[in-house]
Amino acid sequence: MSVTSENNILVASHLNKTYTQRSGRFGFGSSKTKALDDVSISLRAGSTLAVVGESGSGKSTLARCLLQLQPLDSGEVIFQGKNLAGLSGHDLRQERRHLQMIFQDPFASLNPRMKVREIVAEGLVIHEVGTASEQQDKVARMLERVGLSTADMNKYPHQFSGGQRQRIGIARALVLQPKVVVCDEPVSALDVSIQAQILLLLQSLQQEMDLSYIFISHDLRVVRHIADDIAVMYKGRIVEQGKVEEVYAAPTQDYTRNLLNSIPGRKSQAA
Amino acid sequence: MTELLRIEHLTITPKSEPGHLLVNNVSFALETGKTTCIVGESGSGKSLTALAVMGLLSDQLQLKSGAIHFKGHDIAHASNVQLRKIRGREIGMIFQEPMTSLNPVLTVGYQIGESLTQHLKLTGAALKSRVAGLLQQVGIPPERAGSYPDELSGGQRQRVMIAMSIACEPAMLIADEPTTALDVTVQAQILKLLDDLKTRMNMGMLFITHDFGVVADIADNVVVMFRGEIVESGPVQDVLQHPQHPYTRALLDCVPDADGKKPLKPIDYAWLNAGAA
């Protein structure tokens, strides 16, 4: 890759991950799926890198492996000079504070038996940031920042709409003031109108808090709006990467061209 | 141009709360061989309108007033026996979730054949060859008739759903967000398949979506719904190029464009409320 390293906040090189699946009659056989095949990406500080591809292309595996939520077979993930793939236990938890994730499904990713204040404060409690009252202050300010009110702190997730729940998920991820946030399809479960609100919120928070995003998506219209760089994944490999404007204007791979031609509404715009 | 479906002043409310208008005074028509898209957000009443056409409203809801004419007959007040002759035979339906709308313990061939047996009394070899033909029409190798739904991908399952819905060559197809759960490349394939089938079989299609990009690709006419009411309707070019209602404009503005030229603008509901008041 031709990207200079001093500007990069996260650099992953030569990541490999293989899943072994039971197969054949009664599952006695096994088959291997390469979810990540020599994947290298780098995230520039303060920018958004979109990872696009269809289901099964390995984009969510990449997200999870970057944060070490799943072990890698090989490869390294350098964050602030440390190889995350080599860390474990306490050291890894220390770094995780700076690496957070926003999930796709705002219904499944919040614990239904916890109040919003507990959900958002959990990271602060785990990392022992400040006193209990400082933590509650932080939670209240974060909730206001994402467009909820302090009155919402004592409610449960089921009392909110999908868009509001995604705001809770964002507050939970950002309350620790992380440096890198992995957003795994954060708007694909939302209505278009809510989607626009959440995208604009993510953009303004990025500027304010100096965040770097890895944005996993299969919606190329959304990616065009939010990302600076793009990596296109297909069957576990990155087939094309570069600046968003350049890749959209002149895709070099057939697969990327096919993806771009599949954007709804394109056909009639061209006509 | 023959008129296939005419909905007049359709109003749907909960039985327990007749003052709460979920669908309010909705009227539009659909012609043979044309596609009408109903566009709106969650809760706009677009799916309820489609369910009412099929006579599939839940027990808690009622058709408070209005008429639904299909091929000149009022089906809003038809009995269940009459409706059963129409559903699947005259009107086919495709749902959003191909994963949950197929029966996991029956082969896809059996599920496609069900309505053929029910409506056309096909059995044995005749049934088998018809199922094979249908699978071929939707782009699945006929030998997959013996497969179970979990052996197919999401796109293939939606193709099976389409094969089921067109099995009896219905005059009208209702598709309720059939591509929302699918990948963008698969979505493009499914939209093309539906459009081709519509033309080949000269069906009228009622297509429900929240995505104006999809509308631009597939619709002849558009009906925009907001909070149970139609705010704007007309030919697709007119509505997309020259939207008249502020809500239509707002809904168009919040769809990201593929070129990144247009700034994203979320819907300002307070402003809409003020404008409507």
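Domain bounds, as the word domain is used here, come from an automatic or database domain assignment. On that basis chain B of this predicted model is divided into domain 1, which takes in residues 3-90 + 173-180 + 204-276, and domain 2, which takes in residues 92-169. The C-alpha centres of domain 1 and domain 2 of chain B lie 27 Å apart, and the contact between them takes 10 residues from domain 1 of chain B and 12 residues from domain 2 of chain B. On the side of domain 1 of chain B that touches domain 2 of chain B, the largest share, four residues, comes from strand E7 (residues 172-176) of chain B, and the residues of that side divide into five nonpolar, two polar and three charged.

Within chain B, helix H3 (residues 108-120) can be followed along its length. The buried residues of H3(B) are Val108(B), Gly109(B), Gln111(B), Ile112(B), Gly113(B), Ser115(B) and Leu116(B), and what covers them includes helix H4 (124-137) and helix H5 (154-166) of chain B. An α-helix has 3.6 residues a turn, so residues three or four places apart point the same way. H3(B) is followed by Lys121(B), whose phi is positive, near 55°.

Turning to chain A, the reader will find a secondary structure of 10 helices and 10 strands. The radius of gyration of chain A is 19 Å, close to the 18 Å that the globule rule gives for 271 residues, so chain A is as compact as a globular protein of that length. Along its principal axes the C-alpha trace of chain A spans about 55 × 50 × 50 Å, and buried residues make up 44% of the 271 residues in this chain. Among the contacts in chain A between residues at least 6 apart in sequence, 65% join residues at least 24 apart.

Glu144(A) counts as partly exposed because it has 13 C-beta neighbours inside 10 Å. Leaving aside residues up to four places away in sequence, Glu144(A) touches Ser149(A) and Thr150(A), whereas the C-alpha atoms of Glu144(A) and Leu199(A), 55 residues apart along the chain, are separated by 17 Å.

The contact between chain A and chain B takes 25 residues from chain A and 25 residues from chain B. On the side of chain A that touches chain B, the elements giving two or more residues are H6, helix H7 (220-226), helix H9 (254-261) and helix H10 (266-270) of chain A, and H6(A) gives the most, with six residues. The residues of this side of chain A divide into nine nonpolar, nine polar and seven charged.

The largest nonpolar core has 152 residues, of which Val120(A), Ile214(A), Phe215(A), Val223(A), Ala163(B), Val215(B) and Val224(B) touch the most other members. The largest share of this core, seven residues, comes from helix H6 (residues 192-209) of chain A, and the core also draws at least three residues from each of domain 1 and domain 2 of chain B. As for Val120(A), its contacts, not counting residues up to four places away in sequence, are Val139(A), Met142(A), Leu143(A), Ile168(A), Ala171(A), Arg172(A) and Val175(A).

Technical notes: Residues are numbered from 1 along each chain as its sequence is written. Chains are lettered from A and ligands numbered from 1 in the order in which they are written. This is a predicted model: local features need pLDDT of at least 70, side-chain atom pairs count only at pLDDT 80 or more; totals for chains, interfaces and linings use all residues. A nonpolar core is a set of buried Ala, Val, Leu, Ile, Met, Phe, Trp, Tyr and Cys residues joined through C-beta atoms within 7 Å. A residue is buried if 20 or more other C-beta atoms lie within 10 Å of its own, exposed if 12 or fewer, and partly exposed in between; C-beta atoms are placed from the backbone. Two residues are in contact if their C-beta atoms, placed from the backbone, lie within 7 Å. The radius of gyration is taken over C-alpha atoms; the globule rule is 2.2 Å times the number of residues to the power 0.38. Ala, Val, Leu, Ile, Met, Phe, Trp, Tyr, Cys and Pro count as nonpolar, Asp, Glu, Lys and Arg as charged, and the others, Gly among them, as polar.
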